[in-house]
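Colleague: Could you walk me through this one before I set anything up?
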Amino acid sequence: LSFQLQDEEWNKLTQKVYRFVSETIPDRDPSAQIQIVFTDMNGCMGYVERGNTRRIQISTAIKSHVDFQVILVHELTHTLRHMHQSNEEHWLDEGLAKWMEWKYIDDFPTHYQAAFQAATEVHLPKESFNCHSGYKEYFNAYLLVLYLHNHFGGAKLITTLATSSLSGWENIELSLLQMKTNKIINIPEQYYARKSILRHFGLALMLNDPFAAHYAFLQVAPKFQA
């Protein structure tokens with residue numbers, strides 16, 4: 001690495017990140033070791049193999065302890081999510097990881113806005129994301145999870161999604177029904193369906209207006225952030 005930390009400092013940062021992520025996504029096997037490996041990743045910054053693996057790869061190209069923490073938040077989110085469902089749809093898997101990443105930073109990714117403004121469609125691919133393809137796919141996935149968080153139960157929904165045994169839209173729809181049953185949200189059930197969510201989500205993206213439609217006041221611009 002281009003920088004060095006003492007073992008105690010590495011442990012402190014790692015434990016800080018683990019506490020942050022596991023507060024939202026409980027670890028199903030907290031006594032099991034998580035291995036962190038630094039390696040040349042040919043341009044990608046982090047990677048977790050799918051399945052019940054607890055091995056996180058982080059690029060040797062990281063420049064600082066801040067890079068380390070942010071990448072670890074992202075990859076640890078995948079690791080703990082895969083303990084509950086190892087075959088999550090890639091767009092939701094990456095959306096959850098990006099949401100956790102920016103929650104840890106406690107900011108909105110303003111540098112994504114150019115990608116958002118240039119986009120002509122929202123693409124949520126089922127296949128694995130390409131880390132060399134830029135911000136587009138990650139940003140779309142992040143925005144949808146941010147939208148769901150802002151209007152369907154906040155951090156409690158993130159936990160419900162990330163600990164579900166279901167995947168993709170089935171995960172979203174049934175998680176919302178579960179939260180309705182538990183009286184965490186009281187939004188009418190007709191708004192839980194994939195078609196309804198995407199319709200309102202798309203309208204809010206197009207207008208970038210927090211009052212665009214019922215349950216679709218997506219806060220995209222930083223000025224709308226709480």
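Modeller: A word on terms before the details: buried means under 20% relative accessible area, and please keep in mind that this is a predicted model.

Colleague: Fine. Is Trp 169 buried or exposed, then?

Modeller: Trp 169 has a relative accessibility of 12%, which is under 20%, so Trp 169 counts as buried. Trp 91 counts as buried too, at 4% relative accessibility.

Colleague: How many aromatic pairs are there?

Modeller: The count comes to 11 aromatic pairs. One of them joins Trp 91 and Trp 169, a tilted pair with 5.2 Å from centre to centre and 35° between the planes. Because Trp 91 sits in helix 3 (residues 90–105) and Trp 169 in helix 7 (residues 168–181), this pair ties together parts that are 78 residues apart in sequence.

Colleague: And what about Tyr 147 and Phe 152?

Modeller: Their ring centres are 6.0 Å apart and the planes stand at 70°, so that pair is edge-to-face. Tyr 147 is buried with a relative accessible area of 1%, and Phe 152 is buried with 0%.

Colleague: Switching topic, in what order do the strands of the sheet come?

Modeller: The 3 strands form an open sheet in the order 1-3-2, with mixed pairing. Strand 1 (35–39) and strand 2 (46–48) are the edge strands, each pairing on one side only.

Colleague: How many bridges join strand 2 to strand 3?

Modeller: There are 3 bridges between strand 2 and strand 3 (residues 55–59), and these two strands run antiparallel. Gly 46, for instance, has Ile 58 in strand 3 as its bridge partner.

Definitions and conventions:
Residues are numbered from 1 along each chain as its sequence is written. This is a predicted model: local features need pLDDT of at least 70, side-chain atom pairs count only at pLDDT 80 or more; totals for chains, interfaces and linings use all residues. Side-chain values use heavy atoms; hydrogens and water are left out. Two strands pair if DSSP finds at least two bridges between them. Helices (H or I, at least four residues) and strands (E, at least two) are DSSP runs, numbered from the N terminus. Rings of Phe, Tyr and Trp (its six-membered ring) pair if their centres lie within 6.5 Å; planes under 30 degrees apart count as stacked, over 60 as edge-to-face and the rest as tilted. Buried means under 20% relative accessible area, exposed over 50%, partly exposed in between (1.4 Å probe, protein chains only).
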